[in-house]
Amino acid sequence: MNTKLTFRFDGTNYHGWQIQKTQPSVCGTLKTAIEKTLGRAVTVHGCGRTDAGVHAEVYAANFRGECPVPHDRLPYALNSRLPRDIAVLSAEAVPDGFHAINSCVRKEYTYRLYTAKIRDPLREGRALHWPHPLDLDKLRGAAQDFTGTHDFACVRTLGTPVKSTVRTLYAFDIAVQGDLIAFTMQADGFLYNMARALVGTLLWFGEGKITSIPDLIASGDRASAGPVLPPHGLYMTGVAYA
């Protein structure tokens, strides 16, 4: 049997998704809860790597083997063993060939910042405080220059091994709700730190530190792009399977 879990988490207290030797991780915490519930060892596959401090409104994982707990009851059983910052939303049987990351065809990340002049303690750890003027029309135009299939070497983290830096960015939208601004990106995959670097580059473009997004992409020069923004503003907000 192959079981798919859909869940969400607050990443503040975790050193990302992947299991760490000395630091708590989302995968390690979920794996422990599954093993205690099922009474056996499991290997858990996640839909993607999230960094330390990054959150997920929706995330998918799968594990294989016998599951004596009915799938409609499994979320309740797991949530009773999970900390308050992780919650399983659903469990379902999926085909043997399903793999949370290899079967994924599209991911969505949203970076949130708020523009209040004075920082909000209730938003700390949930959105980046950015009390600076933003020309949203200018930023939206630049965001569209990023969409399509490109070599995104200019926003990759140097020193991280990857077979190809070519990705397809299907959409890059900017939505406003009061003083909260959401930058939502959909792609067939993301390079390490790519989502945070994309938004950091847009902010630099808005400040005039970058003059042409197409020229930046063509250059492939990471040093000319914007910074990797802090992780606490980033959320995985969607994952799609064929």
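1. Helices (H or I, at least four residues) and strands (E, at least two) are taken here as DSSP runs, numbered from the N terminus. On that basis the protein chain has five helices and ten strands. This is a predicted model, in which local features need pLDDT of at least 70 and side-chain atom pairs count only at pLDDT 80 or more, while totals for chains, interfaces and linings use all residues. Residues are numbered from 1 along each chain as its sequence is written, and side-chain values use heavy atoms, with hydrogens and water left out.

2. For the 242 residues of the protein chain, a compact globule would have a radius of gyration near 18 Å, and the value of 19 Å agrees with this; the radius is taken over C-alpha atoms, and the globule rule is 2.2 Å times the number of residues to the power 0.38. Along the principal axes, the C-alpha atoms fill a box of roughly 60 × 40 × 30 Å.

3. Of the 242 residues, 51% count as buried, that is, under 20% relative accessible area with a 1.4 Å probe and protein chains only. Where contacts (heavy atoms within 4.5 Å) link residues at least 6 apart in sequence, 69% of them join residues at least 24 apart.

4. Phi of Asn 193 is near 70°, a positive value in a residue other than glycine, and Asn 193 is buried, with a relative accessible area of 12%.

How values were computed. Buried < 20%, exposed > 50% of the residue type's maximum accessible area, 1.4 Å probe, protein only.
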